[in-house]
Amino acid sequence: LTLQHELMEAMSRRQFLLYYQPQYDLRSGRLVGFEALIRWRHPERGMVPPSHFIPAAEESGLIMTLGDWVLFEACRQNRAWQRAGLPSYPISVNLSIRQFAQPNLVGRIAEILDETGLAAPYLKLEITESIAMDVERATAILESLSDLGVGISVDDFGTGYSSFSYLKRLPIDCLKIDRSFVRDIHQDPNDRAIVAAIIAMAHNLQIGVIAEGVETEEQVRFLQQHACDEMQGYYGSPPLPAEEAGTMLGRDH
Ligand code: G
Ligand code: G
Ligand code: MN
Ligand code: NA
């Protein structure tokens, strides 16, 4: 069985699920949102991480179906929490470059919001720098999404062939500082300089900034000193199954 065939079977057998990683405000320490992260619950291999199957899904085009399911499921879950009377926060969903190139992405997202009853500001899309750098192609799509009211974040910021010109031309709400810069903050002055510069640049452009992969108190302190807005990482919480994320929302008031 090829991986692609297995992935198609996994779809029809409903073996995919979403985990939700909490995101926190660095000033107040309060919960501010979640990132939806796909998992494959394999009957023999257990929980398979996305790095083991997203590339194959992208290559085969199956990412279109899978990505559509992720978008729908994240919006449905977020709306279900709202309907249960829990506090509401935006949910971030990763978009692959192929999904971004699909002909009616904006229409489909509007449809998903409509079908699930989720208001647009409760959805954020995470795009890669490679999507953002193709400014000519990205502008119309991102502007339509932004007009809808959906948030736009740039994921893994600083790891692509960073051109900064797209930052002034595209409606970007948030930069996610890649965890490779955060990891060695305590020992590498270059990483400290890069992180401080990303935060300052984002703020001067009126763009929010979240640090990924935050694991230690020391990293938190550095980020707070440099007025980074939010953080995500094991220091706060690992990605959680929906039920545990719901429990966390229930404690949050
Ligand atoms: O979830 P980690 O726990 O392993 O995620 C690893 C990588 O997989 C991250 O870079 C993340 O952006 C990507 N990823 C997770 N979920 C999705 C998804 O639903 N769609 C896409 N395109 N990428 C995802
Ligand atoms: O979309 P993205 O590549 O940013 O997805 C987040 C990835 O980072 C997921 O694989 C998630 O499991 C992982 N992750 C989340 N928090 C941490 C952390 O504190 N440290 C490390 N090393 N990885 C993390
Ligand atoms: Mn992401
Ligand atoms: Na990332």
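The mean pLDDT of the protein, where pLDDT is the predictor's confidence in each residue on a scale from 0 to 100, is 96, and 99% of the residues reach 70 or more. The model scores an ipTM of 0.95 and a pTM of 0.97. Because the model is predicted, local features need pLDDT of at least 70 and side-chain atom pairs count only at pLDDT 80 or more, whereas totals for chains, interfaces and linings use all residues. Residues are numbered from 1 along each chain as its sequence is written, while chains are lettered from A and ligands numbered from 1 in the order in which they are written.

The residues around ligand 1, taken as those whose C-beta atom, placed from the backbone, lies within 6 Å of it, are L37, I38, P49, P50, S51, I54, G67, V70, N94, S96 and P239. At least two residues of this shell come from each of β2 (31–42) and α3, helices (H or I, at least four residues) and strands (E, at least two) being DSSP runs numbered from the N terminus. By class, the shell around ligand 1 comprises 7 nonpolar, 4 polar and no charged residues, where Ala, Val, Leu, Ile, Met, Phe, Trp, Tyr, Cys and Pro count as nonpolar, Asp, Glu, Lys and Arg as charged, and the others, Gly among them, as polar.

Around ligand 2 there are 13 residues, of which E212, G213, E215, G233 and Y234 come nearest. The shell of ligand 2 divides into 4 nonpolar, 4 polar and 5 charged residues.

G85 lies in the loop between α3 (63–83) and β4 (91–94). The C-alpha atoms of G85 and G250 are separated by 8.9 Å, although these residues are 165 apart along the chain.
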